[in-house]
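Reader: I have just opened this structure and would like to learn how to read it. Could you take me through some of its features one at a time?

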Amino acid sequence: MRDANVIIVGGGVMGCGIALRLRQAGARVTVLERSIPGAEASSAAGGILAPQMESEGPGPFLELCLRSRALYPDFAAELHALTGVNVDYLPSGLLHLAFDEAGAQRLKATVDWQRALDLRAELLGPAEVHALEPQLSPQVVAAARFPDDHQVDNRLLTRALTMAAARVGATFRTGYVRGVVEEHGRVVGVDLDGETLRADAVVIAAGSWSGLVQGVSVDPRVVRPARGQMVQLQTRLPLFSHVLFSDKGYVIPRADGRVIAGSTLEFAGFEKNVTAEGLHRILALAMELCPALASAPVQETWAGLRPYTEDHLPILGAGPLPGLFLATGHFRNGILLAPITARLMAQAVLGESTSVDLAPFRFDRFPRR
Ligand SMILES: Cc1cc2nc3c(=O)[nH]c(=O)nc-3n(C[C@H](O)[C@H](O)[C@H](O)COP(=O)(O)OP(=O)(O)OC[C@H]3O[C@@H](n4cnc5c(N)ncnc54)[C@H](O)[C@@H]3O)c2cc1C
């Protein structure tokens, strides 16, 4: 199976990452992308790599996220070696801030269960928080510090992944995949703008649009777009070094003084608009976290569509028909999960046993509607 002919639908971080790993294993790979590779959620994201911040408790999802986070330093170095692009993987650490006693208690509970799993996490009081990050709001009463949750510049990552996949020999074609082509109960290719392209295996990595590819049997209500709006500010010198979270959103300090502030979570169909209310909320939260951001110039605003699933877990592995595979529904952790998804999907497509059990991420775990 190592020399299989594989078609990947979608050229985001998932499609390009899987293409890279499959091609390195010897498969012939074509990525079909209807617009510019990486132009959707993958470049709209914030690039936070935060299994500990994102997780609600122990389980397969936390395990998957931790394994992917552990792959990041080598992943970034490999992409640099293949392409010359530095993806700005920054071991910045993350602070989740509380503004009242109830919030501080919730953070303490998180720190406690994570420490019981031997994950590094600590609860800081106000004096410790302000000693660490003097520009933070004086209203902060506590913070959970996750020193191993980091960040990457996801636009650079997207660019590097596309280049790396092409560098190792993956072919890219522009076009809209209408659906998969089925013969005798097996997927044998795709319909690309009316032309049939044949393949031994087809991987659907079409992000929020995965359910719209005909024949894939993923209900478009199971994977659906969750809009997130973002604002980029510029500071001359970085005002803080950790990624800062509160219950309302986050600010991400890039090394060059940019600050990415986000985000909203809205179900507005496929509309990618930035709205007055969305910007108002994001700017208010950014200034609440770090009042000095009030005078920072606004450089850019944008919105992107996270591929949302109801249980917030991705869909990974074999699809409903032989020859069909799915790598979608990564919701707000797709940048974090790109390295592990690429590895696991390559193993699954090549018929090898996967290094993580994919059962919790099966496509058919959702109730039929
Ligand atoms: C505002 C925002 C903030 C985020 N922040 C973070 C974060 O901090 N950390 C993190 O880990 N994750 C974050 N995410 C989530 C992350 O961006 C996504 O989970 C991830 O990018 C999904 O990658 P993907 O390749 O599946 O989808 P996409 O990047 O959306 O790529 C899918 C591709 O498929 C193409 N396509 C779709 N249909 C077809 C078709 N029929 N034919 C051909 N091509 C098709 C599209 O054009 C697109 O390029 C964020 C997302 C958003 C929107």
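Author: Gladly! Let us begin with a side-chain pair: the side chains of Gln232 and Gln299 make a polar contact at 2.6 Å. A polar contact is a pair of N or O atoms within 3.5 Å; within protein, one must be able to donate a hydrogen and the other to accept it, and residues adjacent in sequence count only if both atoms are side-chain atoms. The model is a predicted one, where local features need pLDDT of at least 70 and side-chain atom pairs count only at pLDDT 80 or more, while totals for chains, interfaces and linings use all residues. Residues are numbered from 1 along each chain as its sequence is written, and side-chain values use heavy atoms, with hydrogens and water left out.

Reader: Where is Gln232 placed, and is Gln232 buried or exposed?

Author: Helices (H or I, at least four residues) and strands (E, at least two) are DSSP runs, numbered from the N terminus. Buried means under 20% relative accessible area, exposed over 50%, and partly exposed in between, with a 1.4 Å probe and protein chains only. Gln232 sits in strand E13 and is buried, with a relative accessible area of 6%.

Reader: Which residues does Gln232 touch?

Author: Contact means heavy atoms within 4.5 Å. Not counting residues up to four places away in sequence, Gln232 touches Arg258, Val259, Ile260, Pro297, Val298, Gln299, Glu300 and Trp302.

Reader: Now a loop, please. Where does His330 lie, and what does its side chain contact?

Author: His330 lies in the loop between strand E19 (324-328) and helix H9 (334-349). His330 is buried, at 5% relative accessible area. Its side chain makes a polar contact of 3.1 Å with the side chain of Thr341. Leaving out residues up to four places away in sequence, His330 touches Met14, Pro307, Pro314, Leu316, Leu337 and Thr341.

Reader: How do I read a helix such as H8?

Author: Start with its length. The expected span of a helix is 1.5 Å times one less than its number of residues. H8 (residues 276-289) has 14 residues and reaches 20 Å from its first C-alpha to its last, close to the 20 Å expected. Next, look at its sides. An α-helix has 3.6 residues a turn, so residues three or four places apart point the same way. In H8, the buried residues are Gly278, Ile282, Leu285, Ala286 and Leu289. Seen down the axis of H8, they fall within an arc of 100°, so they line one face of the helix; the arc is that of the directions from the helix axis to the C-beta atoms.

Reader: What do the buried residues of H8 pack against, and which exposed residues are on the face turned away?

Author: The buried residues of H8 pack against strands E4 (94-98), E13 (224-234), E14 (243-246), E15 (249-253) and E16 (258-262). The face turned away from that buried side carries the exposed residues Ala276, Glu277 and His280.

Reader: How many residues of H1 are buried?

Author: In H1 (residues 13-24), 10 of the 12 residues are buried, so the helix is largely enclosed by the rest of the structure. Among them are Cys16, Ile18 and Arg21. After H1 comes Gly26, with a positive phi near 115°.

Reader: What should I look for in the backbone?

Author: Most residues other than glycine have a negative phi, and most peptide bonds are trans. His184 has a positive phi of about 50° although it is not a glycine. His184 is in the loop between strands E9 (177-183) and E10 (186-192), and counts as exposed at 84% relative accessibility. His312 also has a positive phi, about 65°; His312 is partly exposed, at 27%. A cis peptide bond joins Gly262 and Ser263, with omega about -10°. Ser263 is found in the loop between E16 and H8.

Reader: Which residues come nearest to the ligand?

Author: A residue is near a molecule if one of its heavy atoms lies within 4 Å of it. Of the 40 residues around the ligand, Glu33, Arg34, Ser42, Phe331 and Leu336 come nearest. A backbone N or O atom of Val13 lies 3.3 Å from a ligand oxygen atom, and a polar backbone atom of Arg332 is 3.0 Å from a ligand nitrogen atom.
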